[in-house]
Amino acid sequence: MFSKKICLVAVALAPTIFLGTTAGVAQDSQRCFTIESLQGSYAIVGTYGANIAIALGKRYMDGNGNLTGTFLVNEPVAGSPTGARKIVTGTQAGTYTVNCDGTGVITRVLTVGTTQTTQLDDFVITRAKVRHGKLIATSVADATETPSTIVAGGIFLTRVWTRLPQDDDSDDDRH
(Lines give C-alpha, C1' and ligand atoms only; values in the text may rest on other atoms or scores of the structure.)
Protein backbone atom coordinates (compact mmCIF):
# COMPACT_ATOMS: atom_id res chain seq x y z
CA MET A 1 0.00 0.00 0.00
CA PHE A 2 2.81 2.42 0.94
CA SER A 3 4.66 1.83 -2.34
CA LYS A 4 1.40 2.38 -4.29
CA LYS A 5 1.04 5.85 -2.70
CA ILE A 6 4.65 6.73 -3.52
CA CYS A 7 4.08 5.62 -7.11
CA LEU A 8 0.92 7.73 -7.42
CA VAL A 9 2.67 10.80 -5.96
CA ALA A 10 5.64 10.33 -8.29
CA VAL A 11 3.33 10.01 -11.32
CA ALA A 12 1.36 13.08 -10.24
CA LEU A 13 4.50 15.20 -9.73
CA ALA A 14 6.39 14.05 -12.83
CA PRO A 15 4.81 16.57 -15.27
CA THR A 16 5.38 19.43 -12.82
CA ILE A 17 9.02 18.51 -12.29
CA PHE A 18 9.59 17.94 -16.01
CA LEU A 19 7.92 21.20 -17.09
CA GLY A 20 9.63 23.19 -14.34
CA THR A 21 13.02 21.84 -15.42
CA THR A 22 12.33 22.57 -19.08
CA ALA A 23 11.25 26.13 -18.32
CA GLY A 24 14.37 26.67 -16.23
CA VAL A 25 16.65 25.46 -19.01
CA ALA A 26 14.86 27.60 -21.60
CA GLN A 27 15.13 30.66 -19.38
CA ASP A 28 18.86 30.14 -18.80
CA SER A 29 19.58 29.86 -22.53
CA GLN A 30 17.70 33.06 -23.40
CA ARG A 31 20.10 35.79 -24.55
CA CYS A 32 20.02 39.32 -23.24
CA PHE A 33 20.35 42.50 -25.29
CA THR A 34 23.21 44.73 -24.16
CA ILE A 35 24.68 48.09 -25.09
CA GLU A 36 26.78 46.19 -27.66
CA SER A 37 23.56 45.11 -29.42
CA LEU A 38 23.40 48.56 -31.02
CA GLN A 39 26.50 48.87 -33.16
CA GLY A 40 27.21 49.92 -36.71
CA SER A 41 25.38 52.15 -39.18
CA TYR A 42 21.60 52.38 -39.41
CA ALA A 43 19.34 54.00 -42.02
CA ILE A 44 16.39 55.75 -40.39
CA VAL A 45 12.96 56.77 -41.69
CA GLY A 46 10.91 58.97 -39.37
CA THR A 47 7.28 60.01 -39.52
CA TYR A 48 5.98 63.17 -37.87
CA GLY A 49 2.40 62.87 -36.66
CA ALA A 50 -0.04 61.74 -39.34
CA ASN A 51 2.53 62.06 -42.16
CA ILE A 52 2.89 65.81 -41.71
CA ALA A 53 6.63 65.56 -42.32
CA ILE A 54 9.24 62.88 -42.96
CA ALA A 55 12.77 62.50 -41.66
CA LEU A 56 15.51 60.56 -43.42
CA GLY A 57 18.75 59.94 -41.64
CA LYS A 58 21.78 57.87 -40.85
CA ARG A 59 22.97 57.02 -37.38
CA TYR A 60 26.15 55.36 -36.22
CA MET A 61 26.09 53.44 -32.92
CA ASP A 62 29.50 52.55 -31.47
CA GLY A 63 28.45 49.60 -29.28
CA ASN A 64 29.63 51.50 -26.18
CA GLY A 65 26.58 53.73 -25.68
CA ASN A 66 27.48 56.62 -28.02
CA LEU A 67 25.81 57.72 -31.24
CA THR A 68 26.33 60.24 -34.02
CA GLY A 69 24.22 60.97 -37.06
CA THR A 70 22.84 63.24 -39.73
CA PHE A 71 19.27 63.86 -40.81
CA LEU A 72 17.09 65.63 -43.34
CA VAL A 73 13.50 66.66 -42.58
CA ASN A 74 10.99 67.43 -45.33
CA GLU A 75 8.38 69.58 -43.58
CA PRO A 76 5.59 71.98 -44.47
CA VAL A 77 6.23 75.71 -44.55
CA ALA A 78 4.14 77.16 -41.71
CA GLY A 79 1.15 79.14 -43.01
CA SER A 80 1.74 78.32 -46.68
CA PRO A 81 -1.56 78.41 -48.62
CA THR A 82 0.03 76.30 -51.42
CA GLY A 83 1.38 73.45 -49.30
CA ALA A 84 4.97 74.55 -49.82
CA ARG A 85 7.66 72.40 -48.21
CA LYS A 86 11.15 73.08 -46.91
CA ILE A 87 14.15 70.90 -46.17
CA VAL A 88 15.85 71.11 -42.79
CA THR A 89 19.17 69.34 -42.25
CA GLY A 90 21.14 68.72 -39.10
CA THR A 91 23.37 66.53 -37.01
CA GLN A 92 22.95 64.68 -33.76
CA ALA A 93 25.16 63.17 -31.08
CA GLY A 94 24.28 61.47 -27.86
CA THR A 95 24.20 58.38 -25.67
CA TYR A 96 21.99 55.34 -25.27
CA THR A 97 21.18 52.59 -22.80
CA VAL A 98 19.84 49.12 -23.58
CA ASN A 99 17.85 46.84 -21.27
CA CYS A 100 18.00 43.04 -21.40
CA ASP A 101 14.55 42.93 -23.08
CA GLY A 102 15.69 45.15 -25.99
CA THR A 103 14.10 48.38 -24.80
CA GLY A 104 16.11 51.48 -24.03
CA VAL A 105 16.48 55.25 -24.02
CA ILE A 106 18.46 57.62 -26.22
CA THR A 107 19.51 61.08 -25.09
CA ARG A 108 20.67 63.13 -28.05
CA VAL A 109 21.56 66.71 -28.90
CA LEU A 110 20.18 67.91 -32.24
CA THR A 111 22.01 70.68 -34.08
CA VAL A 112 20.23 72.61 -36.82
CA GLY A 113 22.31 75.58 -37.93
CA THR A 114 23.39 77.24 -34.69
CA THR A 115 20.44 75.95 -32.65
CA GLN A 116 20.86 72.96 -30.35
CA THR A 117 18.14 71.06 -28.48
CA THR A 118 18.14 67.91 -26.36
CA GLN A 119 15.69 65.12 -27.16
CA LEU A 120 14.83 61.86 -25.36
CA ASP A 121 13.66 58.84 -27.34
CA ASP A 122 12.32 55.48 -26.15
CA PHE A 123 13.11 52.50 -28.37
CA VAL A 124 12.62 48.77 -28.78
CA ILE A 125 14.77 46.38 -30.80
CA THR A 126 12.37 44.60 -33.15
CA ARG A 127 14.77 42.29 -34.98
CA ALA A 128 18.28 41.01 -34.29
CA LYS A 129 20.86 38.49 -35.40
CA VAL A 130 23.36 36.52 -33.36
CA ARG A 131 26.94 37.43 -34.18
CA HIS A 132 29.86 35.95 -32.26
CA GLY A 133 27.41 34.86 -29.56
CA LYS A 134 25.89 38.34 -29.08
CA LEU A 135 22.57 39.81 -30.22
CA ILE A 136 23.03 42.62 -32.78
CA ALA A 137 20.00 44.78 -33.57
CA THR A 138 19.06 44.81 -37.25
CA SER A 139 15.77 46.69 -36.82
CA VAL A 140 14.65 49.19 -34.19
CA ALA A 141 11.53 51.32 -33.64
CA ASP A 142 11.54 54.47 -31.52
CA ALA A 143 9.42 57.43 -30.48
CA THR A 144 10.24 60.83 -29.02
CA GLU A 145 9.15 61.50 -25.44
CA THR A 146 8.23 65.12 -26.21
CA PRO A 147 6.94 66.95 -29.31
CA SER A 148 9.40 67.75 -32.07
CA THR A 149 11.55 70.84 -31.83
CA ILE A 150 11.97 70.87 -35.63
CA VAL A 151 8.39 70.44 -36.90
CA ALA A 152 6.10 72.93 -35.14
CA GLY A 153 2.65 72.23 -33.73
CA GLY A 154 3.20 69.71 -30.94
CA ILE A 155 3.96 66.89 -33.38
CA PHE A 156 5.56 63.66 -32.19
CA LEU A 157 8.14 61.73 -34.21
CA THR A 158 8.36 57.94 -34.61
CA ARG A 159 11.18 56.22 -36.45
CA VAL A 160 12.11 52.83 -37.88
CA TRP A 161 15.78 51.92 -38.18
CA THR A 162 17.40 49.31 -40.40
CA ARG A 163 20.98 48.23 -39.83
CA LEU A 164 23.08 48.65 -42.95
CA PRO A 165 25.40 45.82 -44.03
CA GLN A 166 28.84 46.10 -42.45
CA ASP A 167 32.13 44.97 -43.99
CA ASP A 168 32.59 42.37 -41.25
CA ASP A 169 29.05 40.90 -41.61
CA SER A 170 28.80 37.45 -43.10
CA ASP A 171 26.11 34.82 -43.45
CA ASP A 172 28.30 32.43 -41.47
CA ASP A 173 27.53 34.38 -38.28
CA ARG A 174 23.73 34.15 -38.60
CA HIS A 175 21.95 31.72 -36.30
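The model is a predicted one, in which local features need pLDDT of at least 70 and side-chain atom pairs count only at pLDDT 80 or more, while totals for chains, interfaces and linings use all residues. Residues are numbered from 1 along each chain as its sequence is written, and side-chain values use heavy atoms, with hydrogens and water left out.

**Aromatic rings**

I then looked up ring pairs, taking rings of Phe, Tyr and Trp (its six-membered ring) as paired if their centres lie within 6.5 Å, with planes under 30 degrees apart counted as stacked, over 60 as edge-to-face and the rest as tilted. This rule gives 2 aromatic pairs. F123 sits in strand β6 (residues 115-131) and W161 in strand β8, so the pair links parts 38 residues apart in sequence. F123 is buried as well as W161, and I recorded Y42, F123 and W161 as one aromatic cluster.

**S37**

Next I checked S37, which is found in the loop between α1 (2-29) and β1 and is buried, with a relative accessible area of 1%. A polar atom of its side chain lies 2.7 Å from the backbone oxygen of L135. Leaving aside residues up to four places away in sequence, S37 touches Y42, I125, L135, I136 and A137, a contact being heavy atoms within 4.5 Å.

**The chain as a whole**

Finally I turned to the chain, whose secondary structure comes to 1 helix and 8 strands; helices (H or I, at least four residues) and strands (E, at least two) are DSSP runs, numbered from the N terminus. The order of elements from the N terminus is α-β-β-β-β-β-β-β-β. I noted that 33% of the 175 residues in the chain are buried. Of the contacts in the chain with a separation of 6 or more, 44% are between residues 24 or more positions apart.

Definitions and conventions:
Buried means under 20% relative accessible area, exposed over 50%, partly exposed in between (1.4 Å probe, protein chains only). A polar contact is a pair of N or O atoms within 3.5 Å; within protein, one must be able to donate a hydrogen and the other to accept it, and residues adjacent in sequence count only if both atoms are side-chain atoms.
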